[in-house]
Amino acid sequence: MAAQRPARVPRLGLINSLATYRPDDWRKWLETYVSATLVRLLGMRRAAWLLAARLFPEPWQQAMRRHAAAVVGAVPASSYLGLGLALARWAIIDRLDRLTSRILLIAAEHDFTPLAEKRELAAKLNADIVVVRGSRHGTPFDSVEATNASLLALLTDQPLPPPTRWVRDTPVRAQALSLAGSIAEEHAMGAIRVPR
């Protein structure tokens, strides 16, 4: 959207994003094809539990793990596989020069795709980059404080929080968050029926 209508997107916040998800790196290849194989072999619900365990491996992240497993596990396997394979063909590398937004790239220290590629993307885009220490791919969930403070700075044209605040949430902070009652969770639990 930002590349097609740059004047409509004055600020752009990207979280654990790349300019291409084509499996041109061994880590991206594994993410694409091992995930798809697990869904085919184990089914969506079991594969979702494995993904959730990778996203939120700490004992104190149990609520986040359960939540992620329920939401992802409710996605039809065909949709999940189709999205993954579409991402493996997607790229915006040839259109990066169209972006005129003020850009912030938030990246997890332990994301599933290469951090070096995110740093290169930030440099190409002349974007600010925040690398959240201790975070994995679920940065908006395991690092709410750093994510929100960074996005607020972007949206209000303020300076980014200092690097000392670019850290994953503590167990106390994470346990204070309520994950119950979201639309995604209600949908995953079958409380919301989507018309077909």
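Guide: Let's start with one definition: a residue is buried when its relative accessible area is under 20%, exposed when that is over 50%, and partly exposed in between (1.4 Å probe, protein chains only). The structure above is a predicted model, in which local features need pLDDT of at least 70 and side-chain atom pairs count only at pLDDT 80 or more, while totals for chains, interfaces and linings use all residues. Residues are numbered from 1 along each chain as its sequence is written, and side-chain values use heavy atoms, with hydrogens and water left out.

Visitor: What makes Arg5 count as exposed?

Guide: Arg5 has 55% relative accessibility, so it counts as exposed. Arg5 sits in the segment before β1. The C-alpha atoms of Arg5 and Thr100 are 9.6 Å apart, although 95 residues separate the two along the chain.

Visitor: How many helices and strands does the protein chain have?

Guide: The protein chain has 9 helices and 3 strands. Along the sequence the pattern reads β-α-α-α-α-β-α-β-α-α-α-α. Of the 196 residues, 39% count as buried.

Visitor: Why are α1 and α4 called roughly antiparallel?

Guide: Two packed helices are described by the angle between their axes and the distance between the axes. Here α1 and α4 (residues 77–87) pack at about 165°, with axes 10 Å apart. The axes are lines fitted to C-alpha atoms, for helices over the stretch in contact, and angles run from 0 to 180 degrees between N-to-C directions. Angles under 35 degrees count as roughly parallel, over 145 as roughly antiparallel, 65 to 115 as roughly perpendicular, and the rest as oblique. The α1 and α4 pair is therefore roughly antiparallel.

Visitor: Which hand does the crossing of α1 and α4 have?

Guide: The crossing of α1 and α4 is left-handed. That word applies if the near helix is turned anticlockwise from the far one by less than a right angle; clockwise would be right-handed. While we are in α4, look at Gly84. Gly84 has a relative accessible area of 29%, so it is partly exposed. The C-alpha atom of Gly84 is 9.3 Å from that of Tyr21, with the two residues 63 apart along the chain.

Visitor: What makes Trp26, Trp29, Leu30, Tyr33 and Val34 a patch?

Guide: Patches are made of residues with over 30% relative accessible area and no salt bridge: like charges are joined within 9 Å, and nonpolar side chains (Val, Leu, Ile, Met, Phe, Trp, Tyr) within 5 Å. Trp26, Trp29, Leu30, Tyr33 and Val34 form a nonpolar patch on the surface, with about 520 Å² of accessible area together. Areas come from the Shrake-Rupley method with a 1.4 Å probe, and for residues only the protein chains shown count as cover. Take Val34 in α1 (residues 26–42). With 37% relative accessibility, Val34 counts as partly exposed.

Visitor: How do you know that Asp24 and Lys28 form a salt bridge?

Guide: Side chains of opposite charge can pair when their charged atoms come close. A salt bridge is a side-chain nitrogen of Lys or Arg within 4 Å of a carboxyl oxygen of Asp or Glu. The closest N and O atoms of Asp24 and Lys28 are 2.9 Å apart, and the pair forms a salt bridge. Asp24 is exposed at 57% relative accessible area, whereas Lys28 is buried at 2%. The structure holds 9 salt bridges.

Visitor: What parts does the pair of Asp157 and Arg102 tie together?

Guide: The side chains of Asp157 and Arg102 meet in a salt bridge of 3.2 Å, N to O. Asp157 lies in the loop between α7 (144–155) and α8 (171–176) and Arg102 in strand β2 (residues 102–108), so the pair ties together parts 55 residues apart in sequence. Asp157 has 46% relative accessibility and counts as partly exposed, and Arg102, at 27%, counts as partly exposed too. Salt bridges that share partners join Arg11, Arg102, Asp128 and Asp157 into one network.

Visitor: What is the phi of Asn16?

Guide: Most residues other than glycine have a negative phi, and most peptide bonds are trans. Asn16 is not a glycine, yet its phi is positive, about 50°. Asn16 is placed in the loop between β1 (11–15) and α1, and counts as buried at 2% relative accessibility.

Conventions. Helices (H or I, at least four residues) and strands (E, at least two) are DSSP runs, numbered from the N terminus.
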